[in-house]
Amino acid sequence: MTLLVTGGAGFIGSNFVLDWLAQSDEPVVTLDALTYAGNLENLASLQGDARHTFVHGDICDRVLIDRLLAQHRPRAIVHFAAESHVDRSIHGPGAFMRTNIEGTYTLLEAARAFWGSLQGGEREAFRFHHVSTDEVYGSLGSADAAFTETHPYEPNSPYSASKAASDHLVRAWHHTYGLPVVTTNCSNNYGPFHFPEKLIPLMIVNALAGKPLPIYGDGQNVRDWLYVRDHASAIRAVLAGGRLGETYNVGGWNEKTNLEIVHTVCDLLDELHPDAAGSYRRLITYVQDRPGHDRRYAIDARKIERELGWRPAETFETGIRKTVQWYLANADWVAHVQSGAYRDWVARQYGEA
Ligand code: NAD
């Protein structure tokens, strides 16, 4: 049996693939378009591992998806591939509509045809696992209860609207065609291989370069944080035991303001990599808020805890320490991603401009 993982060269997808192959001999086929956010270096430790196959391609390419399904006959599709950065969605929403909506639609249609061709045990076992975000639920007030799975969808950014649309497509393909789907809506992830445009890696990388640490607005926006390997273990749990057609919220009960996050990163860097010029907190700079910036997200994870016995292995304190240590130990990865050398390599490898 095989898993087909879309977006497996990105931040969460690559952590999932590494985590999966560390615990199981079930092969993985990774399909990834290697956009700016996809990076084969994340999967470098799998080079020469016969259990892993990388395919460079687009989830909007139906012919390719059909071929991969026929060739590998996966027992599950785990769908991470997406445009994922809210700020980019504000400046250029088109790519988000294409990949997140059209790409999910293409995969669903291909999965439906493939599943329809299966018989007996293979048909019973097949799963389409859609990986989504808590941002589809919109913004909470400070006194509101955390998002449960029945919270209304109120997406506010082009990114979250495109993910909400994809969630609805997945739901409809289950209700209309019976496709065996499960969906997870997870809070903000952090950990190794996080592209340095997102809050935590950006702060680490800028601090180490002595650059300003830009904080939107008053820094009081609240996010709920989960260590990325805990997201991987939640997906494993839902793939193994999640009820078909159900949604599971995934989170670590770790609500933090952006300012608290940046203070924590600065304090850890002060301890692990002191700067003679003084505490890294001196670099904090407040910048104009993101348009439509959601104030607070918080995940109620009781359903996955109760039904599947899932619990995160890391607390925020242990996870953020591991993360800062990883960035300190992997300066080459950061330099490579930032230098554009990686993109040049992809262009040469695949003969693309
Ligand atoms: P990412 O941007 O790091 O990775 C996305 C990957 O998808 C990249 O490798 C990219 O090359 C690939 N991709 C993009 N367009 C593609 C296309 N058309 N065809 C094939 N591959 C394509 O994103 P991430 O942070 O790893 O997020 C993965 C998934 O998890 C997304 O669906 C996102 O919505 C969801 N999610 C993310 C978070 C978070 O905190 N980052 C939280 C909850 C859910």
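Predicted model: local features only at pLDDT ≥ 70, side-chain atom pairs only at ≥ 80, totals over all residues.
**Reading helix packing and a ligand shell**

Visitor: At what angle do helix H4 (residues 94-117) and helix H6 (residues 158-177) pack?

Guide: Helix H4, residues 94-117, packs with helix H6, residues 158-177, at an angle of about 15°, and their axes lie 8 Å apart. Because angles under 35 degrees count as roughly parallel, H4 is described as roughly parallel to H6. The crossing of H4 and H6 is right-handed. From H4 the contact draws on residues including Phe96, Met97, Ile101 and Leu108, which meet residues of H6, among them Tyr159, Leu169, Val170 and Trp173. The residues of this contact of H4 with H6 divide into 12 nonpolar, four polar and two charged.

Visitor: Which residues of H2 meet H4, and which residues of H4 do they meet?

Guide: Helix H2, residues 62-72, and H4 have axes that come within 10 Å and cross at roughly 35°, and H2 passes H4 in a right-handed crossing. Arg62, Ile65, Asp66 and Leu69 in H2 meet Thr106, Leu107, Ala110 and Phe114 in H4. Sorted by class, the contact of H2 with H4 has five nonpolar residues, one polar residue and two charged residues.

Visitor: How many residues surround the ligand, and which are the closest?

Guide: The ligand is surrounded by 31 residues, of which the closest are Gly7, Gly10, Ala37, Gly38 and Ala82. Helix H1 (11-23), H4, strand E5 (127-133) and strand E7 (188-190) each supply at least two residues of this shell. The shell around the ligand has 14 nonpolar, 13 polar and four charged residues.

Visitor: Where does UniProt place the feature "domain: NAD(P)-binding"?

Guide: In an unreviewed entry, UniProt places the feature "domain: NAD(P)-binding" at residues 4-323. Over residues 4-323 the chain in this model is 42% helix and 17% strand, with the end C-alpha atoms 27 Å apart.

Notes: Residues numbered from 1 in each chain as written. Axes fitted to C-alpha atoms, helices over the stretch in contact; angles between N-to-C directions. Helix = DSSP H or I, 4+ residues; strand = E, 2+ residues; numbered from the N terminus. Parallel < 35°, antiparallel > 145°, perpendicular 65-115°, else oblique. Left-handed = near helix turned anticlockwise from the far one by under 90°. Contact = placed C-beta atoms within 7 Å. Nonpolar A, V, L, I, M, F, W, Y, C, P; charged D, E, K, R; others polar. UniProt positions renumbered as here; feature names shortened; annotations may be inferred. Near = placed C-beta within 6 Å.
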